[in-house]
Amino acid sequence: MEDTMSEPAKAAEKKKEARTASHASEVTRPGFFVKLVLMMLIDALGIYGMFTAYLVKSWTVLAVLVVLLLVVNWVYFSKRTIPAKYLVPGMVFLLIYQVFVMGYTGYVSFTNYGQGHNSSKADAVASILQASEQRAEGAPSLPAAVVEDSNGLGLAVVDTATGAIRVGDSETPLHEVSGTYAAGVISAVDGYKVLTLAEILKPEVQQKVSAIKVPVSDNPNDGSYRSDDGSTAYLAKSRYNYDEAADTLTDTTTGVVYTANNKIGAFVDADGNQVDPGWRVFVGFDNYMNMFARGDLAGPFLKALLWSFVFAAVSVLSTFALGLILGLVFADKRIKGRKIYQSLMILPYAFPAFLATLVWKGMLNTDFGLINQVFLGGVNIPWLTDGTLAKFSILGVNLWLGFPYMFLVCLGALQSLPGDVEEAAKIDGASGLRTVWSIKLPLVLQSTVPLLIASFAFNFNNFSLIYMLTGGGPNYPGLDVGQTDILISMVYKIAIESGSPNYGLASAMSIVIFIVVGVIAWLGFRQTKTLEEL
């Protein structure tokens, strides 16, 4: 039989046998079982994530998880994707922590997402109706009991006209169940545990009981049942009535009608008055336009943008200049004890930056700071409370924090320069300053420009220094934004610290920061190519 087989057939048969033998040997290796266990854990986590995404109806996340799980399984169980086995983990983390974050930030920047606009219209309607609920006029107190199941606490209410027991919780409307009701007391409810008076009187349970709102039906206009004591319940109805067909809210006490405005995501009456909360809607480029055109925001934003450029540029130039000068000095082998001096120079870099910032904040205190009281003889210079002085103080503190890094970088670059270059300059009659300016500086820049670009990006987003030293202050009159705020600290205040957080506007500013830093990096790396030609 073998003699009748052609040579190509024999070769194919041998390859097949080799693959089978290789597969069998791989299965018996301990590493295969380790990989199998790890993949089982990853698959379990992925399936759990898909199930959660399905429950919350996040179809985009569900689709991404399905694709990622299929790709990961194919890569790690296929012999043809050996390079991908090393690339996939990094690509997955890049997709999750960079691409997704930037994409979602970009999406939020085109919405009104923020205080009072953080959910859907249905949630906004339900919240408005529940928040304005009060005991319905003439509503009787019905026998009730606090019940508990796997979903938490709920209420069982007796219909005195029919004697039927209905039960529900904050998420599930009332529905009829079987149970025992006698002498005005509900003693048992099928599928639920009836809490005793002693259990209800526990402080932690009392708070939960007072927060229970059981909707009568799926129609929010029907109201909900509440209980103050756990033994009786009453019907509460909203002062507003929602008409789904007309998409309006009517105030039953005043008769004012509020119409849904889907451009701003809120119910508005004829005079422009809104009912809070609203809902999240797409607003296009409004957030980007507001940064440059809104009266109370445009001025502070442009000043923060300019100060961000000045702060980042001056910080990079000053720290690099001081670091280069010190590097030139301590690279000279004629200096005795230069190793000790070099070690002392990096002490500010070794000390945690946020602690050093707090120390400087105390030293620059107007009334009790060391600089005013000791070095300047008790004067009251507002280093951190005057806008101009605060900016100089920030630059000075950042110089102290940043020069050791540049010193190390420049010292390493100088020590790596070939000695014959400097000797050739001396032979040609170049002075020391001319040698530094025309030879050493270009060679140092050739290797340090990428680090200078990274330093610019870091300082452009140096939130911790601004926040710890001045908090962005002093603030502009009537605004939460201050004169020393850079863009990133301004974003933080708008998104977190303001009385009315605006995540859409903060996201738009974050995109602007991303674009600015990206353009500066691109231009810087183009300049690096020019230096390489030198």
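Trainee: Before we start, what counts as a polar contact here?

Mentor: A polar contact is a pair of N or O atoms within 3.5 Å; within protein, one must be able to donate a hydrogen and the other to accept it. Keep in mind that this is a predicted model.

Trainee: Good. So which backbone oxygen does the side chain of Ser-238 reach?

Mentor: That of Leu-129, at 3.2 Å from the side chain of Ser-238. There is also a side-chain partner: Ser-238 and Ser-132 are joined by a polar contact of 2.5 Å.

Trainee: Where does Ser-238 sit, and what else does Ser-238 touch?

Mentor: Ser-238 is in strand β11, which covers residues 232-238. Leaving out residues up to four places away in sequence, Ser-238 touches Ile-128, Leu-129, Ser-132, Glu-133 and Thr-252.

Trainee: Buried or exposed, that serine Ser-238?

Mentor: Ser-238 is buried, because its relative accessibility is 15% and the cut-off for buried is under 20%.

Trainee: Switching topic, how is the chain divided into domains?

Mentor: The domain assignment gives domain 1 as 26-109, domain 2 as 122-275 and domain 3 as 310-481.

Trainee: And what separates the centres of domain 1 and domain 2?

Mentor: Taken over C-alpha atoms, 43 Å lie between the centres of domain 1 and domain 2.

Trainee: Now the helices. How do α9 and α16 cross?

Mentor: Helix α9 (residues 295-330) and helix α16 (residues 432-460) have axes that come within 10 Å and cross at roughly 140 degrees. That angle makes α9 oblique to α16.

Trainee: Why oblique rather than roughly antiparallel?

Mentor: Because roughly antiparallel needs an angle over 145 degrees, α9 at its crossing of roughly 140 degrees is oblique to α16.

Trainee: Which hand does the crossing have, and which residues make the contact?

Mentor: α9 passes α16 in a right-handed crossing. On the α9 side the contact includes Phe-309, Phe-311, Val-316, Phe-320 and Leu-324. From α16, the residues include Val-436, Leu-441, Val-444, Leu-452 and Phe-456.

Trainee: I was also looking at Thr-357. Which helix is Thr-357 in, and is Thr-357 buried or exposed?

Mentor: Thr-357 belongs to helix α12, residues 353-363. Thr-357 is buried, with a relative accessible area of 2%.

Trainee: What does Thr-357 touch?

Mentor: Not counting residues up to four places away in sequence, Thr-357 touches Leu-401, Leu-465, Met-468 and Leu-469. Leu-401 is 44 residues from Thr-357 along the chain, with 8.5 Å between their C-alpha atoms.

Trainee: Backbone next. Where are there cis peptide bonds?

Mentor: One joins Asp-276 and Pro-277, with omega about 0 degrees. Pro-277 is in the loop between β16 (274-275) and α8 (286-293). Another cis peptide bond joins Gly-473 and Pro-474, also with omega about 0 degrees. Pro-474 lies in the loop between α17 (463-469) and α18 (487-497).

Trainee: And which residues other than glycine have a positive phi?

Mentor: Ala-183 has a phi near 55 degrees, and Asp-247 has a positive phi of about 55 degrees. Ala-183 is in the loop between β6 (179-182) and β7 (185-189), while Asp-247 is in the loop between β12 (240-243) and β13 (248-251).

Trainee: Buried or exposed, for Ala-183 and Asp-247?

Mentor: Ala-183 is exposed, with a relative accessible area of 83%, whereas Asp-247 is buried at 17%.

How values were computed
Residues are numbered from 1 along each chain as its sequence is written. This is a predicted model: local features need pLDDT of at least 70, side-chain atom pairs count only at pLDDT 80 or more; totals for chains, interfaces and linings use all residues. Side-chain values use heavy atoms; hydrogens and water are left out. Helices (H or I, at least four residues) and strands (E, at least two) are DSSP runs, numbered from the N terminus. Buried means under 20% relative accessible area, exposed over 50%, partly exposed in between (1.4 Å probe, protein chains only). Contact means heavy atoms within 4.5 Å. Domain bounds come from an automatic or database domain assignment. Axes are lines fitted to C-alpha atoms, for helices over the stretch in contact, and angles run from 0 to 180 degrees between N-to-C directions. Angles under 35 degrees count as roughly parallel, over 145 as roughly antiparallel, 65 to 115 as roughly perpendicular and the rest as oblique. A crossing is left-handed if the near helix is turned anticlockwise from the far one by less than a right angle, and right-handed if clockwise.
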